[in-house]
Amino acid sequence: MQPLPPLLRYAAHALPLAVLAASFAAQAAAAAVPHLALLATATAANLLAEAALHRWRPGQVSLLAKVRADVMVRRLTCDFLLIVGLLRLGGDHRETVYLPLVLGLLLFYALHFAGHAAAIRVRGARTLPLLTRNIDASALGITPAPPALLMRRHGPRLLLFGLPATAGLLVTAASDEPEFGAAGIALSAVLAALALARLVRCLVRRRPASPQEVLDWFDGWLAEYRPTVGMYFSGGVSSAYQANMWLDALSGLDGRPVIVLRERFMMQRIGATDIPVVCIPKVAHLLRLEHSALKLLIHPANSGKTSQVLRIPSIKHAFVNHGESDKLSSCNPYAKAYDEVWVAGPAARERYALADVGIEDRDVVEIGRPQLAPIAPYAGPPAGPYTTVLYAPTWEGWDGNPGNTSVVLAGENIVRALLRDPAVRLLYKPHPMTGSVDLRAAAADARVQALIHEANRARTGPRPGPQAAAEPARRAAELKALTTASFRDDADDAERMLVQSTPEPGRAEAVAAATAAWEAAHWASLPPAEHQVITASQPALYSCFNEADLLISDVSSVVTDYLAAEKPYAVANTGELSEEQFREAFPTVRAATILTPDAAGVAALLDSVRHPAGDGLAAARAGLKLHLLGRCDPPSQARFNEAALRLCEIADEHRVRMARRLLPGIPAQRGAPAEADAAGEEALEPAPEG
């Protein structure tokens, strides 16, 4: 489906808010005149606009709340204007007749306020100090959550429960019969009273375990499971991919792995895994890991909260990053905080040395890239009628450098040049954070997608049969059954923790097989001539690698990973460097075809892919692969495991030394004062992104 033009998209985005503002103005005018038809129309429009905002524009609802125009203020204003109109339409001396309606409306709002207060208390009681996945939490006595309408959806609850009162008042305004308004208000009050009773019942009956009981239970689990290696991750809503790429490698380590998160929302964004997952938001509770058997934590990303776990002296820390490239982020000075920095190959070691950011060479360990095992090696030129080209540009980054991404300055030219070749099948997979910082990147991405959709409309060719077209849905259902817990729509974090208990034996292998089956069915179900825009997490990037004959990208970790296949690739140079300077500055592009912003070299590039005799970079790609990703023997997973075992041994030796010489003289980090200090630090932590 082709996206809307920007102007229409912005207009559609602002429409509910504009209708809401206009309805309030119309209500005020209708109450002042007075005018029954206008009052009824404006009130109905107000309710519809409120419903649209809560359903499709939650961000605008939050924005209104920030300027003190929250749903309670808006509903009170709407009902107040309706009462004023009712009095004006009723003529003189009608105040005493309508006074019971006003009192009834006040009773409804009082019951709603009480229900909202009770919901806050219930949420507080069900907000546990930590969350888990793949751990049996039945001992905590967690019960199903009350309906989400009562617990978390304050605005929709007020709209729904207040609807009978609003409808009754409108009928009274039209008929001058107070009984209709009284009946509507009475029904609204009954609904609010029932909601309050339901929430009070949750407060007086047995609650889940207290915070201290949960922490004691967690200490017991740590003592029983005795984790030895783990992954620590903290990030925003769009950064989960950084941790997910390490799940399989972590599960393949010798030892008992665990995943430690800091943000509650991240629990459901971590991919399917059998590894125990624990979310510990507060620093005071995080420090309980000091007295566990945990020896090593790997870190796929730097974050503000990383320093909080680095203070635990009994655990060793290794920075593994979430991809390697020639960008400055791949040699961040923050890496000095870790015990070791684990990189793919010699190129990264040289990168840290040249960056001179304080990383000692002895602390850099080459482990390869364990994630790259699923990438198929080069098997020769395209065998079918189409050359599949993967265009996977990176995002614009935080620094505003126009050379970070090719989307803004070269994306449309590259795509047009590819689409001009009738034998090209284009896969466009932009970085998931494209446009999150620079609106120009978002606009360019939208234009690129529009070009691809337009080209598809002009293409004809055979399409897969009904069975092949239906196969992905069947495979997706199988995969979902393995990877998605069956949550009720009303489930909260505590209930999800109970449901996501110890996984069935062999689930990880079943998930891997189901994922491979879905990917095969997905590609087989697509028309062979149809271009694809891939913005979802599936098919994964490495699956796209296996489908492609050629990659076009930017200076990013995508290029490094793609080299595992030794297939031809090109990199866009949209900065101010000459080609020679560009190759010298960025080692990952030394075996690439360099494209200028006008994409003039695309035709020659495609010809070299189809006729390998004209590909003069094959040997360079093989050498660069070894330089960037390291040796293939032993396999990367084995080297990753060896590095983990070695650092665990160092942690053991450190614990022994501390126990013999230093520990008796060092005050404990926990205790009443330390707990208070850590709790204070937790209050100063930045809010999660998004």
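This is a predicted model: local features need pLDDT of at least 70, side-chain atom pairs count only at pLDDT 80 or more; totals for chains, interfaces and linings use all residues.
Helix 19, residues 507-524, has 18 residues, which at 1.5 Å a residue should span 26 Å, and its end C-alpha atoms are 26 Å apart, in agreement with that expectation.

The buried residues of helix 19 are Arg 507, Val 511, Ala 514, Trp 518, Glu 519, Ala 521, His 522 and Trp 523. They pack against strand 10, helix 17 (466-483) and helix 20 (541-547). An α-helix has 3.6 residues a turn, so residues three or four places apart point the same way.

Helix 16 can be examined in the same manner. Its 19 residues, 439-457, should span 27 Å at 1.5 Å a residue, and the distance of 27 Å between its end C-alpha atoms agrees. Buried in helix 16 are Ala 441, Ala 444, Asp 445, Val 448, Gln 449, Leu 451, Ile 452, His 453, Ala 455 and Asn 456. The cover over these residues includes helix 15 (407-419), strand 10 (424-428) and strand 11 (532-533).

**The protein as a whole**

The secondary structure comprises 26 helices and 14 strands. Along the principal axes, the C-alpha atoms fill a box of roughly 95 × 75 × 50 Å. The protein has 690 residues, of which 48% count as buried. Among contacts with a separation of 6 or more, 73% join residues 24 or more positions apart.

**The largest nonpolar core**

In soluble globular proteins, nonpolar side chains tend to be buried together. The largest nonpolar core here has 60 residues, and those with the most contacts inside it are Phe 218, Val 260, Leu 261, Leu 289 and Trp 342. Helix 9 (residues 211-225) supplies the largest share of this core, with 6 residues. Leu 261 touches Phe 233, Met 266, Met 267, Ile 270, Val 277, Val 278, Cys 279 and Ile 280, when residues up to four places away in sequence are not counted.

**Pocket and cavity**

Rolling a probe the size of a water molecule over the atoms shows where empty space is left. The second largest pocket has a volume of about 800 Å³. It is lined by 25 residues, and the closest to its centre are His 54, Arg 152, Arg 153, Gly 155 and Pro 156. The elements that give two or more residues to this lining are helix 2 (36-56), helix 3 (58-66), helix 4 (71-90), helix 5 (95-126), helix 6 (148-151) and helix 7 (154-175). Helix 7 gives the most, with 7 residues. By class, the pocket lining has 13 nonpolar, 5 polar and 7 charged residues.

Across the whole structure, a search finds 5 cavities of 30 Å³ or more. The second largest cavity holds about 60 Å³ of space. Its lining consists of Leu 131, Thr 132, Arg 264, Met 267, Gln 268, Asp 493, Arg 496, Met 497 and Gln 500. Strand 1 (131-133) and helix 18 (493-499) are the elements that give two or more residues to this lining, and helix 18 gives the most, with 3 residues. The cavity lining divides into 3 nonpolar, 3 polar and 3 charged residues. Met 267 is named both in this lining and among the residues that Leu 261 touches.

**Backbone features in loops**

Most residues other than glycine have a negative phi, and most peptide bonds are trans. The table lists exceptions in this model.

| Residue or bond | Feature | Value |
|---|---|---|
| Val 33 to Pro 34 | cis peptide bond | omega near -10° |
| Asp 633 to Pro 634 | cis peptide bond | omega near 0° |
| Arg 68 | positive phi | phi near 65° |

Pro 34 is found in the loop between helix 1 (6-32) and helix 2, and Pro 634 in the loop between helix 24 (618-629) and helix 25 (636-662). Arg 68 is located in the loop between helix 3 and helix 4. With a relative accessibility of 68%, Arg 68 counts as exposed, because the cut-off for exposed is over 50%. Asp 176 lies in the loop between helix 7 and helix 8 (178-204), and its relative accessibility of 34% makes it count as partly exposed.

Conventions:
Residues are numbered from 1 along each chain as its sequence is written. Side-chain values use heavy atoms; hydrogens and water are left out. On a 1 Å grid over the protein atoms alone, a cavity is a set of points where a 1.4 Å probe fits but cannot get out, and a pocket is an open set with protein on both sides within 12 Å along at least five of seven lines; lining residues have an atom within 4 Å of a point. Grid points are joined across faces, edges and corners, and a volume is the space filled by probe spheres set on the points. Helices (H or I, at least four residues) and strands (E, at least two) are DSSP runs, numbered from the N terminus. Ala, Val, Leu, Ile, Met, Phe, Trp, Tyr, Cys and Pro count as nonpolar, Asp, Glu, Lys and Arg as charged, and the others, Gly among them, as polar. The expected span of a helix is 1.5 Å times one less than its number of residues. Buried means under 20% relative accessible area, exposed over 50%, partly exposed in between (1.4 Å probe, protein chains only). Contact means heavy atoms within 4.5 Å. A nonpolar core is a set of buried Ala, Val, Leu, Ile, Met, Phe, Trp, Tyr and Cys residues joined through side-chain atoms within 4.5 Å.
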